Amino acid sequence: MKSFTDGKKMTGAILPGNSTVELKEFEVPKPGYGQVLIRTKSSTICGSDIRAIYREHLGKGPEAYQNKIAGHEPCGQIEAVGPGMRRFKKGDRVIVYHISGCGLCHDCRMGYMISCKSPLRAAYGWQRDGGMAPYILADEKDLVALPDELTYTDGAQVACGFGTVYEGLEKIGISGDDVVLVVGLGPVGLAALMLAKAMGARKLIGVEKIPERIAVAKKLNLADYVFEPGADTEEKIRNVTNGYGPEKSVDCSGNDNGRAMAIRVTRERGKIVMIGEGGTVHFEPSPDMLHGQKTLYGSWVTSIWKMEDLVERLVDWKIHPEDLVTNRFPLDKADEAYRLMASGKCGKVAVCFDEELK
């Protein structure tokens with residue numbers, strides 16, 4: 001039986017690794033058993049792409065890039081389905097959980113395909129083709145339904161960034177009792193402020209040095225205070241928290257000094273979560289953590305079930321992750337999109353298709 005994909009070509013973006021983007025021609029894939037072909041609507045750029053692929057191919061293991069179509073934050077509408085579908089159908093609006101795990105290991109059965117150790121594990125945009133193309137082939141098990149109240153660019157943000165942040169905030173718990181500090185206001189840090197505010201934090205403090213990112217936080221009224229990093233930053237944070245420091249701290253900077261400051265300044269018996277990738281951290285365990293009875297968490301992406309919870313809550317909270325998108329580009333200007341994201345002088349950057357480009 002002839003498929004509409006037969007013989008069709010599409011343009012996709014790959015990342016050669018020298019701070020450039022290359023557009024190449026690919027066949028439009030045909031969905032097999034348990035697979036869908038998604039018409040991409042929006043695909044946002046993650047800082048991990050910049051850190052481990054765009055500048056040079058640094059990733060190993062789960063981050064090893066295999067010259068596939070880039071983009072691990074895709075969202076779109078199902079265009080065609082293969083046999084064996086159980087939940088989704090043509091026309092459904094979907095987010096792609098960006099790691100396709102084996103489905104059988106303990107981590108996959110918990111919904112944490114990010115932690116799948118199987119050689120069958122393949123991340124979209126890393127080891128299998130991602131969202132920087134008009135179509136993306138995905139397994140049905142990797143999909144999250146996108147509610148009608150959310151835009152496709154909202155969904156692209158959930159695919160990695162907002163899902164990652166939500167997992168971290170859930171680990172430390174956010175409530176109306178909490179002052180929350182977020183160190184590093186790139187797209188992940190801005191998402192942390194937006195979600196912590198929605199979850200009821202009574203006061204929000206950000207730390208950032210890049211003016212464009214500070215401007216986004218202020219424009220969207222995401223923080224009560226934003227301080228630039230410096231010798232007196234800890235003192236400023238203590239001054240606006242009655243001398244105690246924040247109950248909860250979130251590091252999104254991946255910076256040694258930023259991480260250490262988040263640990264030191266957190267209130268006694270407080271909780272800290274590290275979300276920012278890469279880098280190092282140096283601190284003194286006894287005075288900085290042990291004596292203050294503090295708890296430190298590490299958090300990496302999220303589970304697919306928690307991602308489904310998040311989209312439901314976004315609707316209830318009436319917030320839109322796409323508000324953090326400061327720049328949108330068509331696919332043929334993907335090089336400009338990645339260059340801007342790599343500069344850090346922006347909020348979130350999206351490559352959009354159809355109406356999402358407006």
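Helices (H or I, at least four residues) and strands (E, at least two) are DSSP runs, numbered from the N terminus. The views below show a predicted model: local features need pLDDT of at least 70, side-chain atom pairs count only at pLDDT 80 or more, and totals for chains, interfaces and linings use all residues. Residues are numbered from 1 along each chain as its sequence is written, and side-chain values use heavy atoms, with hydrogens and water left out.

**View 1. Two residues other than glycine with a positive phi.** Asn221 lies in the loop between helix 5 (211-219) and strand 12. The phi of Asn221 is near 55°, a positive value. Val301 is found in the loop between strand 15 and helix 9 (304-317). The phi of Val301 is also positive, near 55°. Is Val301 buried or exposed? Buried means under 20% relative accessible area and exposed over 50%, with partly exposed in between (1.4 Å probe, protein chains only). Val301 has 5% relative accessibility, so it counts as buried.

View 2. Two strands pair if DSSP finds at least two bridges between them.

**View 3. Strand 11 and its partners.** Strand 11 covers residues 203-207 and is joined to strand 12 by three bridges. Here Val207 stands opposite Phe227 of strand 12. Strand 10 (residues 179-183) is joined to strand 11 by five bridges. Leu181 stands opposite Ile205 in strand 11. How many of the five residues of strand 11 are buried? Four are, and the strand is mostly covered.

**View 4. Helix 4, residues 187-198.** Nine of the twelve residues are buried, so helix 4 is largely enclosed by the rest of the structure. Among the buried residues are Leu190, Leu193, Met194 and Leu195. Just after helix 4, Gly200 takes a positive phi of about 105°.

**View 5. The largest cavity.** On a 1 Å grid over the protein atoms alone, a cavity is a set of points where a 1.4 Å probe fits but cannot get out, and a pocket is an open set with protein on both sides within 12 Å along at least five of seven lines; lining residues have an atom within 4 Å of a point. Grid points are joined across faces, edges and corners, and a volume is the space filled by probe spheres set on the points. The largest cavity has a volume of about 30 Å³. Its lining is Gln157, Gly161, Phe162, Pro187, Val188, Ala191 and Lys348.
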